[in-house]
Amino acid sequence: MTTETAIDVFEENRPLLTGVAYRMLGRVADAEDVVQDAWLRWSRADRAEVREPRAYLVRVTTRLALDRLRQVRTRGEAYVGPWLPEPYTTDFGDSVPDTADRALLADSVSVAVLVVLESLSPLERAVFVLREAFGYPYAEIAELLERSEPAVRQLAGRARRHVEERRPRFDVDPAQRRRLTERFLAAATEGDLDGLMSLLAPDARLVGDSGGKAKAPVRVLFTADKVGRFLAAVGTKPLPDQTHRYIEVNGGVAVLVLSEGRPDTLFQLGITDGAISAVYIIRNPDKLRALANSV
């Protein structure tokens, strides 16, 4: 395999490798670092001995992501306030034409699922991502992770039960989410409490992630009344030269709020039975930096 061919093979598989790494880590920068490390391994490998480049690259990426995930947990860094995954652009375009496949990939990268995945062990998370998001057979996952197939099946079952028990059930209709997001944005920016209350489910919650680097609630807000009053209050205090745009991240529409042309806030909604049941707000500048390219 020539160097030029090796580059082509890697670039062809880069979206898959990035998808695996991001779902494993929930952090775009870490996922990109892992994929870069995978490229270095690939560029130095004896490629004449690699029978299946795609499987080789996925194996290397998964193991690197596992190592990175363990390092992050070992550091035990204190995070100020609630944690949300770093926004991940998911405009699949024509690369995933099948509706069922698109829905599966979108769900596997949703904020709700990624938050639950944080509570899995690194191995459980790896198995869940490879099996549930990308449909890898148990035997292949066992080979990738150097575990027995029965052990992998056990890990998969435990991870699946954990995720199913804990993740919120959101509607996934893109058109409905877009309509509610537009109505929500209008009510919030006008400080319209009645309008917000008409959109929020009674048990709505708001999760704000600032990492202590911007103003946001340091605890999750529960009930429509508390969420609505908070949003109505902040909506009457616009940012300098505030604008917004709709973008697709983590499998669904979101609103990126800009201040003087720079990303300041991202919010995305969870919809259940036609009402807003969750409001996710990210204000940590470190997590918004990559979205500057969306402006």
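Modeller: Helices are DSSP runs of H or I with at least four residues, strands are DSSP runs of E with at least two, and both are numbered from the N terminus. This is a predicted model: local features need pLDDT of at least 70, side-chain atom pairs count only at pLDDT 80 or more, and totals for chains, interfaces and linings use all residues. Residues are numbered from 1 along each chain as its sequence is written, and side-chain values use heavy atoms, without hydrogens and water.

Colleague: Let's start with R158. Which helix holds R158?

Modeller: Helix α8 covers residues 149–166. R158 is found in helix α8.

Colleague: Is R158 buried, partly exposed or exposed?

Modeller: Buried means under 20% relative accessible area, exposed means over 50%, and partly exposed lies in between (1.4 Å probe, protein chains only). The relative accessibility of R158 is 36%, so R158 counts as partly exposed.

Colleague: How many Å separate the C-alpha atoms of R158 and E124?

Modeller: R158 of α8 and E124 of α6 both take part in the contact of these helices. Along the chain they are 34 residues apart. Their C-alpha atoms are separated by 7.7 Å.

Colleague: How do α6 and α8 lie: roughly parallel, roughly antiparallel, roughly perpendicular or oblique?

Modeller: Axes are lines fitted to C-alpha atoms, for helices over the stretch in contact, and angles run from 0 to 180 degrees between N-to-C directions. Under 35 degrees counts as roughly parallel, over 145 as roughly antiparallel, 65 to 115 as roughly perpendicular and the rest as oblique. Here the axes are 8 Å apart and the angle is about 85°. Therefore α6 and α8 are roughly perpendicular.

Colleague: How many charged residues does the contact of α6 with α8 have?

Modeller: Contact means heavy atoms within 4.5 Å. Asp, Glu, Lys and Arg count as charged; Ala, Val, Leu, Ile, Met, Phe, Trp, Tyr, Cys and Pro as nonpolar; the others, Gly among them, as polar. The contact includes L123, F128 and R131 of α6 and L155, R160 and V163 of α8. By class, eight are nonpolar, none is polar, and the number charged is five.

Colleague: Now α1 and α6. At roughly what angle do their axes cross?

Modeller: Helix α1 spans residues 3–25 and helix α6 spans residues 122–133. They count as oblique therefore. The axes come within 9 Å and cross at roughly 140°.

Colleague: Which residues of α1 make the contact with α6?

Modeller: On the α6 side, the contact uses P122, R125, A126, V129, L130 and A133. By class, the whole contact has eight nonpolar, no polar and two charged residues. The α1 side is V20, R23, M24 and L25.

Colleague: On to the sheet. What is its strand order?

Modeller: Two strands pair if DSSP finds at least two bridges between them. The sheet is open, with six strands and mixed pairing. The edge strands, β2 (221–222) and β3 (242–249), each pair on one side only. The order is β2-β1-β6-β5-β4-β3.

Colleague: Do β1 and β6 run parallel or antiparallel?

Modeller: Strand β1 covers residues 200–209, and six bridges join β1 to β6. V207 stands opposite Y280 in β6. The two strands run parallel.

Colleague: How many bridges pair β5 with β6?

Modeller: β5 covers residues 262–272, and its pairing with β6 is antiparallel. L269 stands opposite V279, and F267 stands opposite I281. The number of bridges is seven.

Colleague: Which residue takes a positive phi in the hairpin of β5 and β6?

Modeller: Two residues lie between these strands. The positive phi is near 55°, and it belongs to D273.

Colleague: And which residue takes a positive phi in the hairpin of β4 and β5?

Modeller: β4 (residues 252–259) and β5 run antiparallel, joined by five bridges. Again, two residues sit between the strands. The phi is near 55°, at E260.

Colleague: How many of the residues of β6 are buried?

Modeller: Strand β6 runs over residues 275–282 and is mostly covered. In β5, eight of the 11 residues are buried, so β5 is largely enclosed by the rest of the structure. For β6, the count is eight of eight.

Colleague: Which helix lies across β3, β4, β5 and β6?

Modeller: Helix α11 (residues 224–235) lies across β1, β2 and β6, at about 55° to β1. The helix across β3, β4, β5 and β6 spans residues 174–189 and runs at about 125° to β5. That helix is α9.
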